[in-house]
Amino acid sequence: AKTTAGTLMLLASSPSRLADLTVTSFQNGTANLTWTPSPEKSVVRYRVAYESRAGKRGELSVTTPRATIPLLPSGATVSVRAVTDRGLEGWDWARVVVP
């Protein structure tokens, strides 16, 4: 019961899943992405991770609800989640596939 209660408390205090993750442009291997800002006031940054079908992986951190990822192949998956000022990360990634 204590483990379940602790898990529920952690999920309740973590940022929610981000909405509207979109690839706004993709030219010459550079992808520009945007998403709706997290509604939680304590969010200070966003963790952006990407992985291509060939296995190329990378990660970056941004403080605004947009990111630019260079040298990204078509078909790569980009995932984003919010991070609070206490280091708590969102419990679920928002995902999009680069066209």
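Strand 3 and strand 4 pair in the antiparallel sense over six bridges; two strands count as paired if DSSP finds at least two bridges between them. Strands are DSSP runs (E) of at least two residues, numbered from the N terminus. The model is predicted, so that local features need pLDDT of at least 70 and side-chain atom pairs count only at pLDDT 80 or more, while totals for chains, interfaces and linings use all residues. Residues are numbered from 1 along each chain as its sequence is written, and side-chain values use heavy atoms, with hydrogens and water left out.

- Strand 3 and strand 4 form a hairpin with five residues between them.
- Within the turn of this hairpin, Gly-55 has a positive phi of about 100°.
- Glu-51 has Arg-57, in strand 4, as its bridge partner.
- Strand 3 is also joined to strand 6 by eight bridges, and these two strands run antiparallel.
- Arg-47 has its bridge partner in strand 6, namely Arg-81.

**Ser-52 in the loop**

- Ser-52 lies in the loop between strand 3 (43-51) and strand 4 (57-62).
- Ser-52 counts as buried because its relative accessibility is 8%; buried means under 20% relative accessible area, exposed over 50%, and partly exposed in between, with a 1.4 Å probe and protein chains only.
- Leaving aside residues up to four places away in sequence, Ser-52 touches Pro-73 and Ala-76, where contact means heavy atoms within 4.5 Å.

- An open sheet of three strands has the order 1-2-5, with antiparallel pairing.
- Strand 1 (22-27) and strand 5 stand at the edges with a single partner strand each, so one side of each has no neighbour in the sheet.
- On average, neighbouring strands of this sheet are turned by 15° against each other, direction ignored; the axes are lines fitted to C-alpha atoms.
- Five bridges connect strand 1 with strand 2, and Thr-22 has Thr-34, in strand 2, as a bridge partner.

**The nonpolar core**

- The largest nonpolar core has 21 residues; such a core is a set of buried Ala, Val, Leu, Ile, Met, Phe, Trp, Tyr and Cys residues joined through side-chain atoms within 4.5 Å.
- Strand 2 (30-34), strand 3, strand 5 (66-69), strand 6 (77-84) and strand 7 (94-97) each give two or more residues to this core.
- Strand 3 gives the most, with four residues.
- Among the residues with the most contacts inside the core are Trp-35, Tyr-46, Val-48 and Val-80.
- Trp-35 touches residues including Tyr-46, Val-48 and Val-80, not counting residues up to four places away in sequence.

Note on methods: Axes are lines fitted to C-alpha atoms, for helices over the stretch in contact, and angles run from 0 to 180 degrees between N-to-C directions.
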